[in-house]
Amino acid sequence: MKVKTEQEAYLQLAAICAQAEHCEQEMRDKMKRWEIDAATQDSIIARLVKERYIDNERYARAFVKDKIRYNKWGRRKVQQALWMKRISDDIQQKVFDEIEDKEYLDVLIPLLKQKRKSTRANSDYELNQKLVRFALSRGFDFGIIRQCMEVDEEVDYGDEID
């Protein structure tokens with residue numbers, strides 16, 4: 001494999017960042033695979049940040065919204081993914097503060113309703129346990145799950161009365 005010069009690496013990374021949002025860690029990982037030394041990596045990253053190709057806060061905002069809306073992940077799972085991408089805690093906190101509980105509810109309620117239809121259980125208690133475990137595995141907090149289960153139960157009781 002041909003070793004890339006600093007300018008070649010910069011141009012290639014700038015092109016990648018121009019196509020989609022990327023965080024600093026993703027670019028560092030890419031340069032590590034290209035066997036670029038740490039000092040050169042730092043200067044390339046600094047230039048990409050200065051020219052606004054990389055902005056970890058902008059990346060985190062887009063990442064969180066996509067994972068919640070499209071992948072239907074909860075806060076904990078998204079937080080873990082951001083931690084793995086080495087996004088700082090203060091950026092994570094700022095981005096998560098922008099998201100209201102209603103958005104999590106809007107994602108989780110239909111998800112639980114759909115899962116309820118396909119889940120087999122011998123009792124309501126067992127069914128609720130399975131649904132809670134499912135939602136926890138998706139990264140939702142227990143408080144949000146409890147709210148959704150209560151809403152779901154209210155809807156079920158309303159259906160039976162009619």
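Helix α1 passes helix α2 in a right-handed crossing (a crossing is right-handed if the near helix is turned clockwise from the far one by less than a right angle, and left-handed if anticlockwise). This is a predicted model, in which local features need pLDDT of at least 70 and side-chain atom pairs count only at pLDDT 80 or more, while totals for chains, interfaces and linings use all residues. Residues are numbered from 1 along each chain as its sequence is written, and side-chain values use heavy atoms, with hydrogens and water left out. Helices here are DSSP runs of H or I with at least four residues, numbered from the N terminus.

**The α1 and α2 pair**

- The axes of α1 (residues 6-19) and α2 (residues 24-33) cross at roughly 145° and come within 11 Å; axes are lines fitted to C-alpha atoms over the stretch in contact, and angles run from 0 to 180 degrees between N-to-C directions.
- On the α1 side L13, I16 and C17 meet M27, K30 and M31 of α2, where contact means heavy atoms within 4.5 Å.
- Sorted by class, this contact has five nonpolar residues, no polar ones and one charged (Ala, Val, Leu, Ile, Met, Phe, Trp, Tyr, Cys and Pro count as nonpolar, Asp, Glu, Lys and Arg as charged, and the others, Gly among them, as polar).

**The α7 and α8 pair**

- Helix α7 (residues 101-118) and helix α8 (residues 124-137) have axes that come within 10 Å and cross at roughly 135°.
- The two are therefore oblique to each other (under 35 degrees counts as roughly parallel, over 145 as roughly antiparallel, 65 to 115 as roughly perpendicular and the rest as oblique).
- Their crossing is right-handed.
- L108, L111, L112, K115 and R116 of α7 make the contact with L127, N128, L131, F134 and A135 of α8.
- That contact of α7 with α8 has seven nonpolar, one polar and two charged residues.
- Buried residues of α7 are Y104, L105, V107, L108, L111, L112 and R116 (buried means under 20% relative accessible area, exposed over 50% and partly exposed in between, with a 1.4 Å probe and protein chains only).

**Single residues worth a look**

- Q92 sits in helix α6 (residues 89-97) and counts as buried because its relative accessibility is 4%.
- Leaving aside residues up to four places away in sequence, Q92 touches Q79, L82, W83 and I87.
- E35, in the loop between α2 and α3 (38-50), has a positive phi of about 60° although it is not a glycine.
- With a relative accessible area of 62%, E35 is exposed.
- R86 is placed in the loop between α5 (75-84) and α6, and its phi is near 60°, a positive value in a residue other than glycine.
- R86 counts as exposed at 60% relative accessibility.
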